[in-house]
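I opened a new notebook page for this structure. My entries follow in the order in which I looked things up.

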Amino acid sequence: MSRYRLTKKEARRFLLLKQGLLGAYKYKGKEGIREFVSRAGCIQFDPIDVCGKNAELVLQSRVAGFTKELLGELLYEDRMLVDYFDKQLAIIAIEDWKYFERTRERFRLQGRSRDKVDSVAGEVKRFIRENGAACSKDVPLKETVDWSWSPTTLSRAVLETLYFRGDLIVHHKKGTIKYYALAEDHILPAILRAEDPNESDADYIKWLVLRRIRSVGLLWNKPSDAWLGIEPMKAQARKDAFASLLQEKAIVACSVEGIADPLYIALEDEPLLLAVLSSTAEHERRVEFLAPLDNFLWDRKLIKALFDFEYKWEIYTPVAERKYGYYVLPVLYGEALVGRIELVADKKAKLLNAVRYWPEIEGEPDEAFRRMLDERIERFAAFNGCTTIAYGKPLP
């Protein structure tokens with residue numbers, strides 16, 4: 001039985017406040033990046049860079065003063081964050097390393113071209129120990145082997161496998177090229193050798209389900225991209241995890257007007273929900289451009305139900321079938337998703353192309369939105385290192 005009954009407006013407001021997308025910025029600078037990642041659990045990583053990589057886009061919409069360099073420092077200098085698997089490839093807090101021992105063990109026991117990889121794994125680790133961080137071109141193993149997407153060099157296969165297993169970490173990147181180093185040289189022994197806190201697969205799945213509820217803020221027990229990367233989880237395992245979390249009172253059930261299925265929040269977010277339900281005060285509105293794989297958008301059917309906004313990342317859609325464009329970002333204004341925008345950064349020319357804006361709502365936008373949209377585009381240009389802006393089809 002649901003403990004709370006929400007209107008759609010209350011559900012939207014709770015979700016946006018939880019995500020740090022409504023009102024004054026709650027996250028600031030380097031510490032704000034770390035705090036958001038810790039609260040969200042993970043940010044999905046994707047290497048495609050049209051106007052910023054996905055993780056960078058997530059953070060620029062929430063963290064005042066965010067720069068790509070600050071994220072790089074946290075990942076590759078301070079080592080407070082680390083690239084690893086969570087919801088697909090992701091960025092997680094280093095303190096969460098221990099929770100993914102099951103993932104690492106799975107890669108130790110299986111994987112393509114495993115015999116060939118194992119035969120040279122020790123040799124590659126010695127190479128890195130003697131020569132420092134290396135990419136696949138540095139390692140002299142050019143034999144072609146079977147690999148995930150297509151055949152690749154043994155050097156790449158062994159580096160990636162050792163990374164999957166936790167023997168290596170990403171030391172730094174040059175563009176999309178990853179340089180790997182020994183995990184033991186950069187992760188404290190107390191973290192690297194910590195025991196898995198989850199005693200069983202069921203415990204692990206339950207922990208991850210709760211982690212995803214915390215990451216989004218409000219979720220239902222239905223198939224969703226929010227559950228990607230939870231192995232091995234089928235529908236029954238997810239159902240069992242929800243039942244256990246409810247029994248342990250780690251999550252709270254809510255009902256939302258017009259939505260048949262119950263929605264759930266983490267117990268620690270109950271004070272925020274109570275604040276939303278007890279106040280009618282309006283929050284400061286912002287214009288934000290959201291990442292295609294933003295935590296807020298992980299369950300797109302839920303976003304459709306709550307915001308009446310249907311979003312599809314059309315990057316893998318054939319050109320002739322695209323409704324909007326290759327890399328189009330949802331536009332948030334206050335408590336509403338009001339449109340989509342295509343922004344392309346030309347790094348060499350330091351030019352941000354504001355290609356097109358598609359309004360979601362008919363009619364003329366208000367003056368405050370037009371002004372805030374202009375300001376947001378200017379800040380977005382600076383975020384991408386662009387000094388000039390070129391406009392395509394007229395923006396509002």
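How many aromatic pairs does the count come to? I first noted that this is a predicted model, in which local features need pLDDT of at least 70 and side-chain atom pairs count only at pLDDT 80 or more, while totals for chains, interfaces and linings use all residues. Residues are numbered from 1 along each chain as its sequence is written, and side-chain values use heavy atoms, with hydrogens and water left out.

Entry 1, rings. I found 25 aromatic pairs. The rule takes rings of Phe, Tyr and Trp (its six-membered ring) with centres within 6.5 Å, and calls planes under 30 degrees apart stacked, over 60 edge-to-face and the rest tilted. I looked up Y84 and F85: their ring centres are 5.4 Å apart and their planes stand at 80°, so I wrote down edge-to-face. Y84 is buried at 1% relative accessibility, and F85 is buried at 19%. Buried here means under 20% relative accessible area, exposed over 50%, and partly exposed in between (1.4 Å probe, protein chains only).

I then took Y333 and F369, a tilted pair with 4.9 Å centre to centre and 55° between the planes. Y333 belongs to strand 14 (residues 328-333) and F369 to helix 13 (residues 367-383), so this pair ties together parts 36 residues apart in sequence. Helices (H or I, at least four residues) and strands (E, at least two) are DSSP runs numbered from the N terminus. I noted Y333 as buried at 8% and F369 as buried at 4%.

I also listed a cluster linked by ring pairs: Y84, F85, W97, F107, W147, Y163, F164 and Y180.

The rule asks for NZ of Lys or CZ of Arg within 6 Å of the ring centre and within 35 degrees of the ring normal. I found K173 over the face of F45, 3.7 Å from the ring centre. I also found the charged end of R286 over the ring of Y25, 3.8 Å from its centre.

How many disulfides does the rule count? I got 0 disulfides, where a disulfide is a pair of cysteine sulfur atoms within 2.5 Å. I checked burial as well: C42 is buried at 1% relative accessibility, and C135 is buried with a relative accessible area of 5%.
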